Amino acid sequence: RSTTTEEIESKERAKAEAEETLLKSKSMSKAETRKLMAQSEYAKNLHSECDFLLENFDVRRKARLSEVESLKKAKAVLLGADDE
């Protein structure tokens with residue numbers, strides 16, 4: 001009867017340890033899931049930002065070229081060239 005009681009106690013300890021391990025694993029899994037969701041959201045936002053930049057690249061390039069041309073004209077005026 002003593003060995004049976006010891007076996008039961010041993011199995012109860014093993015069960016408690018297994019349950020503890022299971023709870024830790026579940027909480028780690030939830031944390032990993034949250035982390036993956038956050039990374040997925042970041043990737044989605046980054047992708048939309050890149051799409052915006054690509055869609056507006058030509059407009060922005062033309063604006064920069066216009067600015068450069070205007071600055072060249074302004075420099076020429078300041079240096080005394082005709083504004084033609």
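This tour moves from the whole chain to single side-chain pairs.

**Ground rules.** The model is predicted: local features need pLDDT of at least 70, side-chain atom pairs count only at pLDDT 80 or more, and totals for chains, interfaces and linings use all residues. Residues are numbered from 1 along each chain as its sequence is written, and side-chain values use heavy atoms, with hydrogens and water left out.

**Stop 1: the whole protein.** Show the protein as a cartoon. It has 2 helices and 0 strands. Both kinds of element are DSSP runs numbered from the N terminus: H or I over at least four residues for helices, E over at least two for strands. The radius of gyration is 34 Å, well over the 12 Å that the globule rule gives for 84 residues, so the protein is more spread out than a compact globule. That radius is taken over C-alpha atoms, and the rule is 2.2 Å times the number of residues to the power 0.38. Along the principal axes, the C-alpha atoms fill a box of roughly 115 × 25 × 10 Å.

**Stop 2: the surface.** Switch to a surface view. How many of the 84 residues count as buried, in percent? The figure is 0%. Buried means under 20% relative accessible area, exposed means over 50%, and partly exposed lies in between (1.4 Å probe, protein chains only). The protein exposes about 8200 Å², and carbon and sulfur atoms supply 58% of it. These areas come from the Shrake-Rupley method with a 1.4 Å probe; for residues, only the protein chains shown count as cover.

**Stop 3: the charges.** Colour by charge. Lys and Arg count as positive, Asp and Glu as negative; His and the chain ends are not counted. The 17 positive and 18 negative charges have mean positions 2 Å apart. Each charge is placed at NZ of Lys, CZ of Arg, CG of Asp or CD of Glu.

**Stop 4: a negative patch.** Select Glu-6, Glu-7, Glu-9 and Glu-12. They gather in a patch of negative charge on the surface. Patch residues have over 30% relative accessible area and no salt bridge, with like charges joined within 9 Å. Glu-7 sits in helix H1 (residues 2-55). Glu-7 is partly exposed, at 46% relative accessible area.

Stop 5: The structure holds 5 salt bridges. Each one needs a side-chain nitrogen of Lys or Arg within 4 Å of a carboxyl oxygen of Asp or Glu. Select Lys-24 and Glu-20. Their side chains meet in a salt bridge at 3.4 Å, N to O. Both residues lie in helix H1, 4 residues apart, about one turn of the helix. Lys-24 is partly exposed at 49%, and Glu-20 is partly exposed at 43%.

Stop 6: Move to helix H2 (residues 57-78) and select Arg-61 and Asp-58. Their closest N and O atoms are 3.5 Å apart in a salt bridge. The two are 3 residues apart, so about one helical turn separates them. Arg-61 is partly exposed at 41%; Asp-58 is partly exposed at 43%.

Now select Arg-64 and Glu-67. This salt bridge brings the closest N and O atoms to 2.9 Å. Arg-64 and Glu-67 are 3 residues apart in helix H2, about one helical turn. Arg-64 is partly exposed at 43%, and Glu-67 is partly exposed at 43%.

Terms used. Patch = residues over 30% accessible without salt bridge, like charges linked within 9 Å, V, L, I, M, F, W, Y side chains within 5 Å.
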